[in-house]
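Look over the sequence and structure first.

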Amino acid sequence: MSNLLSTGISGLNAAQVALNTVGNNIANAGTDGYSREVVRQTERVVPPSNRYTVGSGVDVVAVERAYSSYLTSAVWSSNANLSRAGTYNDLTTTLNSMLGASGNLQGALDKFYGAFDTVANAPGDSAARQALLGNASTVASVFTTLGAQLDSQQKQINGQVTNTVKSINTTLDNIADLNRKIHDSLGSGAPNALLDQRDALVNTLSGYLGVTAVSETNGTYSIYSSSGQSLVSGSHAFKLSTAGDPYDTARVNVLDSSGSDITARLSGGSLGALLDYRSNVLDSAQNRLGQAATGLATSVNAQQGKGLDLNGQLGAPIFALPAPQALAAGTNAGSATVSAQVSDVAALTSADYTLRYDGSAWSMTTTGGQPVALTINPDGTLGGAGLTLAVAGTAQAGDSFRIQPTRNAASGLTVSLADPSGIAAAAALQAKAASANTGSGAVSSLQVTDASNPALFNGVTVSFPTAGSYTLTDAGGTVLGSGAYAPGQALAANGWSLSLSGAPAAGDSFAMSANSNGLNDNANALALGRLADTGVLAGGSRSVIDNYTLLTTEIGNAGAQAAGNLTTQTSLHNQAMSAQQAVSGVNLDEEAASLVKYQQAYQASAQVIATAQSIFSSLLAAVQR
């Protein structure tokens with residue numbers, strides 16, 4: 001009877017463990033990160049007898065998690081991608097909203113350039129001139145508003161990076177603590193609840209950055225970032241930290257536990273999205289917007305300086321811009337400082353640069369590592385990428401500077417001209433053909449090329465001794481230039497350039513002088529209006545309006561790609577979750593069926609015990625007789 005009794009007791013105990021397990025599964029059906037538990041049973045082994053062997057019951061050998069490390073890792077990977085896609089989409093959506101909410105820059109530019117045509121129709125109308133300055137203020141205001149919005153997002157991202165790193169470090173500490181607890185409890189069976197908690201923390205960590213978890217033989221996880229940095233080993237967490245960028249302390253970078261800057265190497269998760277977006281979208285947007293502001297101010301001021309205002313003076317600048325930034329690295333050992341100026345706006349790009357000194361010479365690359373040609377100017381300054389760089393002080397080998405030609409141009413754009421009469425609507429110079437001319441030559445263009453030339457307004461006679469030669473003579477009879485002439489050839493002196501159409505005949509001449517009809521002339525105002533369609537950027541192939549259109553297109557494309565990627569990553573994550581939950585998730589219908597099954601097994605085992613007791617009682621009664 002003892003065998004029957006012990007068999008019934010083993011079955012009763014096994015059914016009770018199974019019922020408790022099923023009950024725990026049902027209770028945790030809605031718990032995130034919970035893995036369904038499964039009872040592992042085995043038949044008790046007894047020594048064989050001479051004639052036959054009868055089993056002696058059942059043993060519960062383990063209560064295990066229904067778990068697939070492969071499927072769980074796939075969930076972590078898809079979660080990192082989904083978190084990155086969601087954060088990136090949020091950031092690009094915000095950026096597109098900024099462009100829409102900060103004013104219509106293209107419309108403001110159209111009105112501004114159009115106002116020059118209004119002034120050209122009535123050069124002496126003070127109301128038209130005042131309206132033009134009002135339109136200039138509107139353009140500057142939209143630029144500065146957009147620039148301030150982008151600056152604000154930079155600051156927000158810096159704060160988010162700092163907070164995300166703090167969350168990562170807290171999670172790393174918790175994983176390391178669970179590693180210790182799991183390792184300490186392995187001798188008493190698998191600690192399923194602790195294992196689930198650790199997996200949930202790794203999943204949380206993967207939402208912050210891409211990670212890989214390696215299961216060690218001692219039951220712990222070793223956690224690595226997607227770029228290979230060790231984050232957790234056993235019970236030790238290798239925490240990340242933040243620090244100011246070597247060139248800009250307000251910009252937050254990420255360091256590993258040894259203090260090395262790993263900002264450019266991190267990917268995946270919300271942290272990877274923040275860093276990627278900042279470098280590849282936001283920085284570029286700020287630079288592109290600043291490039292447009294620089295192109296606007298530089299081209300308008302240059303043309304303004306070629307005309308005469310109502311006071312008979314060359315036009316003063318309409319706009320003011322901050323100088324390009326040259327930020328010294330915090331590690332510089334020398335005393336050198338660098339100042340930068342835009343020397344050729346057409347050669348200006350939307351890139352940032354790094355200027356380095358090797359102990360004997362300077363070199364410059366884009367921040368992406370592309371080399372940039374540098375020349376040494378006669379005055380000792382450096383020239384490259386449309387910039388003039390002046391170095392003062394003494395540099396040491398290894399010193400470097402971050403050059404940002406356009407980063408702050410939009411937020412720093414202002415209107416510097418306050419007096420409407422200062423608008424230079426008139427051409428500075430005039431050219432008149434001699435009445436005795438017999439050829440077909442006529443003035444096609446007269447351009448001021450150097451408004452700072454002190455002899456700009458000096459009278460000059462352009463004569464053609466023969467149809468194929470010319471002579472430039474000033475009022476005192478000094479010959480300024482002469483040579484062979486071909487139709488259409490530009491003739492230059494004293495900071496101006498003259499082009500003729502047709503063919504001058506021998507003996508023809510043209511008189512160059514200051515514009516005597518400045519109050520009523522509109523030539524320069526028309527030239528200023530034509531800047532709307534004139535290529536002033538990208539080697540002269542792109543207007544300011546085109547440059548802003550390019551910016552909106554780039555940002556729009558980034559937003560569309562981010563939205564599409566979010567849709568894709570959401571689908572992939574759902575698939576990974578479905579596959580993982582098919583193995584580890586709790587199905588209440590299956591658990592209900594198991595509950596009935598083990599309830600019946602419990603009741604049947606109890607009946608076996610009762611039968612054994614009844615038989616034993618009958619045997620005792622028979623012996624007592």
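H3 and H7 are roughly antiparallel to each other, because their axes cross at roughly 160° and angles over 145 degrees count as such. This is a predicted model.

**H3 against H7**
- H3 spans residues 105–121, and H7 spans residues 523–530.
- Their axes come within 8 Å.
- The crossing of this pair is left-handed.
- On the H3 side, the contact uses Tyr-113, Phe-116, Asp-117 and Ala-120.
- On the H7 side, Ala-525, Leu-526, Leu-528 and Gly-529 take part.
- Sorted by class, the H3–H7 contact has six nonpolar residues, one polar residue and one charged residue.

**H3 against H6**
- H6 covers residues 269–304 and packs with H3 at an angle of about 5°.
- The axes of H3 and H6 lie 14 Å apart.
- H3 and H6 are therefore roughly parallel to each other, as angles under 35 degrees count as such.
- H3 contributes Leu-105, Leu-109, Phe-112, Tyr-113 and Phe-116 to this contact.
- H6 contributes Leu-289, Leu-296 and Val-300.
- By class, the H3–H6 contact has eight nonpolar residues, with no polar and no charged ones.

**H5 against H6**
- H5 runs over residues 192–208, and its axis comes within 2 Å of the axis of H6.
- These two axes cross at roughly 5°.
- That angle makes H5 roughly parallel to H6.
- Ser-206, Gly-207 and Tyr-208 of H5 meet Gly-269, Ser-270, Leu-271 and Gly-272 of H6.
- By class, the H5–H6 contact counts two nonpolar and five polar residues, and no charged ones.

**Helix H4**
- H4 takes in residues 126–185, which is 60 residues.
- From first C-alpha to last, H4 reaches 88 Å.
- That span is close to the 88 Å expected at 1.5 Å a residue.
- Asp-125 caps the N-terminal end of H4.
- In this cap, a side-chain oxygen of Asp-125 lies 3.0 Å from the backbone nitrogen of Ala-127.

Technical notes: Residues are numbered from 1 along each chain as its sequence is written. This is a predicted model: local features need pLDDT of at least 70, side-chain atom pairs count only at pLDDT 80 or more; totals for chains, interfaces and linings use all residues. Side-chain values use heavy atoms; hydrogens and water are left out. Helices (H or I, at least four residues) and strands (E, at least two) are DSSP runs, numbered from the N terminus. The expected span of a helix is 1.5 Å times one less than its number of residues. A polar contact is a pair of N or O atoms within 3.5 Å; within protein, one must be able to donate a hydrogen and the other to accept it, and residues adjacent in sequence count only if both atoms are side-chain atoms. Axes are lines fitted to C-alpha atoms, for helices over the stretch in contact, and angles run from 0 to 180 degrees between N-to-C directions. Angles under 35 degrees count as roughly parallel, over 145 as roughly antiparallel, 65 to 115 as roughly perpendicular and the rest as oblique. A crossing is left-handed if the near helix is turned anticlockwise from the far one by less than a right angle, and right-handed if clockwise. Contact means heavy atoms within 4.5 Å. Ala, Val, Leu, Ile, Met, Phe, Trp, Tyr, Cys and Pro count as nonpolar, Asp, Glu, Lys and Arg as charged, and the others, Gly among them, as polar.
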